[in-house]
Amino acid sequence: AAAIAEICVRLDGLPLAIELAAARINAMSPVEIAASLDTPGVELGGPRRPSPARHRTVRAAVDWSYRLLEDAERAAVRRLAVFVGSFDAAAAIEVMGASLDVLTRLVDKSLVSVVERSRAGATRYRLLETVRQHLEDHLEEQGEADSARARLLHHFVEANDTVPDGWPSPRAEHIVNTLAEDLGNVRAALDWAVDADPCAGVRLLASTRDLFFMLGNSDGARLAEVLLARCPDVDRHRVVVQLSEGLYAQLRSDPATASAAFVEGRRLAVEVGDRGLEGWALFLEGLTHVVAGHTEPGRPPLEAGREILEELGDRIGQARATSVLGLAAAQDGEVATGRDLVESALAICVAGHDVWGQGHCHTYLGILGEMAGADPARITFHFRTAVDRLRPLRDTVLLPVALAGQAGVLVRRDPARALTVIAAAQAMKTRVGGDFPPYFRSRVERVRSTAQDGVGADATHLWKQGERLTVDDAIALAFGTTRHRPERVAGLSAREQDVARLVADGRANKEIATQLHLSVRTVETHVRNILAKLALTNRTQLATWARDRIQ
């Protein structure tokens, strides 16, 4: 008992430091553990760089535990410091250059934590953030940082080496649901590739482009631009990233940049002899014009792209081009013709099990229904169906458009609700670095203006309230349904996830308390518990974590 008390005092009562010491109990007695804290090199008051006393103690505890590892374990755990957030066993084994047995031993010694299973059913692991930061120093000292990051890049390149056509691709749901929790890791691998191996980075971005369409438009645009500039290879991967760069620009409401990228992508597709990518380039070029509200320059590339894709038997591409031609027709006043085109595209999507395409078509049918003065219930049916199809893909491309469309249905009878939904839809775009293309933007602004006129002085409050809604809460508000409680993420309860989201939105505890109808003290407790569960030290780290992992 005396030895245990001494250990706790020496470690300033810090849970992480005590856990690291306790993990040694199977190999050492409490007296030996207490004595080992005096091992040369474990200086509780002597950090490598200026830091608070609490951090010096944790560093000493981590260093002490690190020095007690076997050589293979030390090499393995410091290499894990290249991960940003959690990782699965396959990625860990690749980066460590060690076996699953070594990973298991690191878990037993509390240097690696087990988090709950991912959506794909795989067990996830993570280094506590304080441990990761200290081990990153050891990795740099050993001169192994670049080799570990190279292994990280190689793992994701090899695990995702299929590059199907389509924006999003037929594998979008699989990619997003498999890699959403690895978004930070994929981004870190691509950032390292920019200087170290840009052509490998182009390969990886080509195969994971859907991840950035749905969860990170700004990151996708930034990475595509710099990787293309630094990789000289002209191949299929380059064409895919060139077209992706254009779509990221379109999603950020930059049609001029998008059009230029698609023209260059079409030229490259012809150069490498890929007829399918040429068809998709034409489709994307036409799409950009139409969603910018310019149908005349949009129709010819859409029709040419559809012809190529139909000739090649690409039914998904054919359907996408047909549906956009339908929207163009409606914009030109031919609403009935537009509806017929979109409905024919929908039939192809249903037959081909193209879920995103179905969401695409139902979004357009809702818009066309509004233009034709259709029954509000019918319009709501289309927008609700679109959301049902798009939500499993964590879509941020058209789901906000469908929500904004439903706000248009609500605005006359319930302007407050409509304004809140519009704000939520805008926030979904903003969170991933995107915006509504001009044609959809004009519709959003019309509904917003009408709703603001209807609510008067409450407009600012309602807008802020909408910005704070989660995706599922916004859907529930738009359609009057019960909110689906999210799955637990990294051990956080549904309420803790709600708090984490609002912290990520920059809300103070008092604002969070008002939003969630809690006391400020309860919110403070939630924040402390979340930080402890995730081994984070401040709200800034929590905000970064939540933006990557919780929608």
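The model is predicted: local features need pLDDT of at least 70, side-chain atom pairs count only at pLDDT 80 or more, and totals for chains, interfaces and linings use all residues. Residues are numbered from 1 along each chain as its sequence is written, and side-chain values use heavy atoms, with hydrogens and water left out.

View A. A disulfide is a pair of cysteine sulfur atoms within 2.5 Å. Cys 349 is buried at 2% relative accessibility, and Cys 361 is buried at 0%; buried denotes under 20% relative accessible area, exposed over 50% and partly exposed in between (1.4 Å probe, protein chains only).

**View B. The disulfide of Cys 199 and Cys 231.** The sulfur atoms lie 2.1 Å apart, and the link is right-handed, with 100° about the S-S bond. Both Cys 199 and Cys 231 are buried.

**View C. The stacked pair of Phe 83 and Phe 87.** Aromatic rings (Phe, Tyr and the six-membered ring of Trp) pair if their centres lie within 6.5 Å; planes under 30 degrees apart count as stacked, over 60 as edge-to-face and the rest as tilted. The whole structure holds 6 aromatic pairs. In the pair of Phe 83 and Phe 87, the centres are 4.3 Å apart and the planes at 25°, so the pair is stacked.
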